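Hi there,

Here is the structure I promised to pass on to you. Have a look at it first, and then read my notes below.

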Amino acid sequence: MHLCSCTPLMIQRYRSRISGPLLDRIDIHIEVPAVKYRDLTDHADGECSAVIAARVAASREVQKARFAGTKVRCNAQMTARMIRQYCEPDPAGARMLELVTDRLGLSARSYTRILKVARTVADLDGSDGIKENHISEAIQYRSLDRKT
């Protein structure tokens, strides 16, 4: 395995090449660490692909029904009006989103991306509403927003 020898300053300089407005337009950005050989060869049972596929298909059907009669096909395509209608988090989720938005100084675009992803996480969870855990998971998918 090759470990990165870059200093934090070098990494920050490299990441600064990506403009904030461009980064805001990317729904999900996460860091994926290298997988250790031991983990690759582990035969522990994880979630079956068929189960995951069924959950994704059910989520897509929910979205299809939600946006029936519109040109929108999935959560990522929601308009501002649809976000207000379908992405209202529960009170705990709203508090978390407010705290994170203020603390990280998120742009309005990042804020709406988090709401859209949280809606998708809730759909995958089979939840009608967006709860705090859905907001939390969506925030985790915005790792580059946390880099200073």
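How many helices and strands does the chain have? The chain has eight helices and zero strands, where helices (H or I, at least four residues) and strands (E, at least two) are DSSP runs numbered from the N terminus.

Before the details: this is a predicted model, in which local features need pLDDT of at least 70 and side-chain atom pairs count only at pLDDT 80 or more, while totals for chains, interfaces and linings use all residues. Residues are numbered from 1 along each chain as its sequence is written, and side-chain values use heavy atoms, with hydrogens and water left out.

Of the 148 residues, 27% count as buried (under 20% relative accessible area, with a 1.4 Å probe and protein chains only).

Now turn to α6 (residues 91-104) and α8 (residues 132-140). Their axes, which are lines fitted to C-alpha atoms over the stretch in contact, come within 7 Å and cross at roughly 30 degrees. The two helices are therefore roughly parallel to each other (angles under 35 degrees count as such). On the α6 side, the contact (heavy atoms within 4.5 Å) is made by Ala92, Gly93, Met96, Leu97 and Val100, and on the α8 side by Glu132, Ile135, Ser136 and Ile139.

Ile135 is worth a click. Leaving aside neighbours within four places in sequence, Ile135 also touches Pro89, Leu115, Ala118 and Ile130, among others.

Happy exploring!

Methods:
Axes are lines fitted to C-alpha atoms, for helices over the stretch in contact, and angles run from 0 to 180 degrees between N-to-C directions. Angles under 35 degrees count as roughly parallel, over 145 as roughly antiparallel, 65 to 115 as roughly perpendicular and the rest as oblique. Buried means under 20% relative accessible area, exposed over 50%, partly exposed in between (1.4 Å probe, protein chains only).
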